[in-house]
Amino acid sequence: MSEENNQEVVVNPLDAVQQEITKLKEQLEQAQTDYRGKINQVNQLRESVHQFFTDTFDSSYEDATINLTDVNELLLSIGASQLEQEFEGRVTISYSFTVKAEDEDNAREKVEAAVGGMEYNFDAGNDDSYSEESIEVEF
């Protein structure tokens with residue numbers, strides 16, 4: 001029979017407390033460093049915004065005129081999302097076709113059904129919109 005070694009591990013409660021205190025001190029130091037970094041970042045943002053308006057504002061007038069490009073440059077410089085404008089447009093697509101049908105009305109129905117059933121690869125994006133206004137068929 002083999003003899004098993006029973007070893008007891010003795011943990012000094014004061015050592016465990018001291019390790020926990022050391023760990024908490026390190027976490028506190030990291031939190032203080034992170035906080036100082038955020039304060040510096042806020043101060044830099046304030047300075048950027050103040051400088052933007054100082055450069056833009058004419059002290060002889062109460063109002064300031066600011067264009068979208070300048071605002072977007074400021075927003076970009078401080079890491080914020082830029083402002084967007086809405087643009088409207090119209091796309092006209094012309095098709096030439098030959099269709100066999102009993103009469104013009106039947107031909108028109110065939111063409112409208114074919115064109116109306118086409119899939120368009122138009123990605124309207126998040127806030128954009130798309131609508132099909134009309135399908136016109138001429139003979």
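**View 1. The buried side of α2.** Val-71, Asn-72, Leu-74 and Leu-75 are the buried residues of α2. Because they cover an arc of only 160° around the axis, they lie on the same side of α2; the arc is that of the directions from the helix axis to the C-beta atoms. Buried means under 20% relative accessible area, exposed over 50% and partly exposed in between, with a 1.4 Å probe and protein chains only. The model is predicted: local features need pLDDT of at least 70, side-chain atom pairs count only at pLDDT 80 or more, and totals for chains, interfaces and linings use all residues. Residues are numbered from 1 along each chain as its sequence is written, and side-chain values use heavy atoms, with hydrogens and water left out.

**View 2. The two sides of α2 and the packing on α1.** The buried residues of α2 pack against α1 (13-56). Thr-69, Glu-73, Leu-76 and Ser-77 are exposed on the other side of α2. An α-helix has 3.6 residues a turn, so residues three or four places apart point the same way.

**View 3. The aromatic pair.** The structure holds 1 aromatic pair. Phe-52 and Phe-53 form this pair, which is edge-to-face, with 5.0 Å centre to centre and 85° between the planes. Rings of Phe, Tyr and Trp (its six-membered ring) pair if their centres lie within 6.5 Å; planes under 30 degrees apart count as stacked, over 60 as edge-to-face and the rest as tilted. Phe-52 is buried at a relative accessible area of 12%, whereas Phe-53 is partly exposed at 40%.

**View 4. A nonpolar surface patch.** Val-91, Ile-93, Tyr-95, Phe-97 and Phe-139 form the patch, with about 550 Å² of accessible area together. Ile-93 sits in the loop between α2 (68-77) and α3 (104-116) and counts as exposed at 52% relative accessibility.

**View 5. The whole chain, for context.** Of its 139 residues, 6% count as buried. The accessible surface comes to about 13500 Å², 47% of it belonging to carbon and sulfur atoms, by the Shrake-Rupley method with a 1.4 Å probe; for residues, only the protein chains shown count as cover. Among contacts (heavy atoms within 4.5 Å) with a separation of 6 or more, 31% are between residues 24 or more positions apart.

Note on methods: Patch = residues over 30% accessible without salt bridge, like charges linked within 9 Å, V, L, I, M, F, W, Y side chains within 5 Å. Salt bridge = Lys/Arg side-chain N within 4 Å of Asp/Glu carboxyl O. Helix = DSSP H or I, 4+ residues; strand = E, 2+ residues; numbered from the N terminus.
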